[in-house]
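Good morning, colleagues. I would ask you to look at the sequence and the model together while I go through a few selected sites.

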Amino acid sequence: MSNSATTRPALAAGPRWNIPKGLITIGCATVLLFVVSALAAPSSVSGTALRGMLPIASVLAVAGLGQMLVIQQGGIDLSVAGGISMTVVVVTHIPDGDNGKLFPAVLVAALIAVAAGVLNGLLIGMLGLNAIIATLGTNALLYGADLALSGGRPRITTKLLASITGGTTLGIPNAVFFALAALLVVSVGVKRTVPGRRFEAIGANPRAARAVGLRVRGHRASAYVWAQLLYCLAGVMLAGITAQPSAFEGDSFLLVSVAVVVLGGTSLLGGRGYPLATVVAAVFLQQLVQFVVALGVSTAVQTIVQAVALAIGVSLYTVNWAGLWSQRPGLLGAPTAA
């Protein structure tokens, strides 16, 4: 009797769902944003507006997933702009409108991405250089190669690429399916595999991971390689979405790629990452920009909106508000109990 009595509550309890706080927060914020958009600026949620917003949000989501892997290791990747721009140039200038040369161009772009990721990994993961300085240097190299190949002049994308990444299926932009595929791969790789769980453990506590024999430097270096491959995918998608992309298409994704990661709840100090929340944050941020523009505000305000969103995300998930509130009397100069 005693054994059945003790096991009955456990059986009745059922499965426990652990939904991340960041996903709940950004999910609710996204739903609220669409409701406000429908009431205040209906044109921002029309079918045409959504078909224009979702492809760019998908590109941002893929770039954000790459940035998330780096931030999980306590780093930051400022070569995202160069990585995306370099891919755009390669897949438009090498084919130069010839569909038959598109696949080799994509392979070249992937090889360049791997080389850039390995360089970042060696400089940061192996040599221990500062992530900001190292990735800025890699970004400069990528832009140097970008300008050498393109001369700063845009090229029209191939019809094949435009139909693959810029087309639609059942009324849904194909870019959305690419973003969902990237989300699935990253989520399974990080959350459901042994190397992925080790990857998160190293980001959360490198000293403890090193003490149990995990290869901290190797995992940190690999984060930059996988990130560059995701930037490469984002660049391929962007080249197909934009009819005549410029050689600097990646510039607009530098700040926002960090913003969506932070808004999704991933700490800038490293540790556990939230791929689904990052993708939802990309939709939120792109819709927020579209809503602001629909209100008639100057497009120059877009960068301010993105910066404010990043500041809010940092304040929500990085600042210890509970600790600051508990110290409030002392901070205000009031006497505290001995």
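When I speak of a contact, I mean heavy atoms within 4.5 Å. Please also bear in mind that what you see is a predicted model.

I begin with Ser 79. This residue lies in the loop between helix H3, residues 47-72, and helix H4, residues 80-93. Is Ser 79 buried or exposed? Its relative accessibility is 0%, and because buried means under 20%, Ser 79 counts as buried. Setting aside neighbours within four places in sequence, Ser 79 is in contact with Asn 120, Thr 135, Thr 138, Asn 139, Leu 142 and Gln 228. With Asn 120 there is also a polar contact between the side chains, at 3.2 Å.

Let me turn to the charged pairs. How many salt bridges are there? The count comes to 2. In one of them, the side chains of Arg 155 and Asp 96 meet at 3.4 Å, N to O. This pair links distant parts of the chain, 59 residues apart: Arg 155 sits in the loop between helix H6 (131-150) and helix H7 (159-165), while Asp 96 sits in the loop between H4 and helix H5 (102-126). Arg 155 is partly exposed, with a relative accessible area of 27%.

There is also a salt bridge between Glu 200 and Lys 191, whose closest N and O atoms are 2.7 Å apart. Glu 200, at 14% relative accessibility, counts as buried, whereas Lys 191 is partly exposed at 24%.

Next, the interior. In soluble globular proteins, nonpolar side chains tend to be buried together. Here the largest nonpolar core has 68 residues, and Ile 84 and Leu 285 touch the most other members. Which helix gives the most to this core? That is helix H11, residues 216-241, with 11 residues. Beyond its neighbours within four places in sequence, Ile 84 is in contact with Ala 63, Tyr 231, Ala 234, Gly 235, Leu 238, Gly 250 and Phe 253.

Finally, the surface. Val 114, Val 118, Leu 122, Met 126, Leu 127 and Leu 129 make a nonpolar surface patch of about 500 Å². Leu 127 counts as exposed because its relative accessibility is 61%, and the cut-off for exposed is over 50%.

Thank you for your attention.

Definitions and conventions: Residues are numbered from 1 along each chain as its sequence is written. This is a predicted model: local features need pLDDT of at least 70, side-chain atom pairs count only at pLDDT 80 or more; totals for chains, interfaces and linings use all residues. Side-chain values use heavy atoms; hydrogens and water are left out. Helices (H or I, at least four residues) and strands (E, at least two) are DSSP runs, numbered from the N terminus. Buried means under 20% relative accessible area, exposed over 50%, partly exposed in between (1.4 Å probe, protein chains only). A polar contact is a pair of N or O atoms within 3.5 Å; within protein, one must be able to donate a hydrogen and the other to accept it, and residues adjacent in sequence count only if both atoms are side-chain atoms. A salt bridge is a side-chain nitrogen of Lys or Arg within 4 Å of a carboxyl oxygen of Asp or Glu. A nonpolar core is a set of buried Ala, Val, Leu, Ile, Met, Phe, Trp, Tyr and Cys residues joined through side-chain atoms within 4.5 Å. Patches are made of residues with over 30% relative accessible area and no salt bridge: like charges are joined within 9 Å, nonpolar side chains (Val, Leu, Ile, Met, Phe, Trp, Tyr) within 5 Å. Accessible areas come from the Shrake-Rupley method with a 1.4 Å probe; for residues, only the protein chains shown count as cover.
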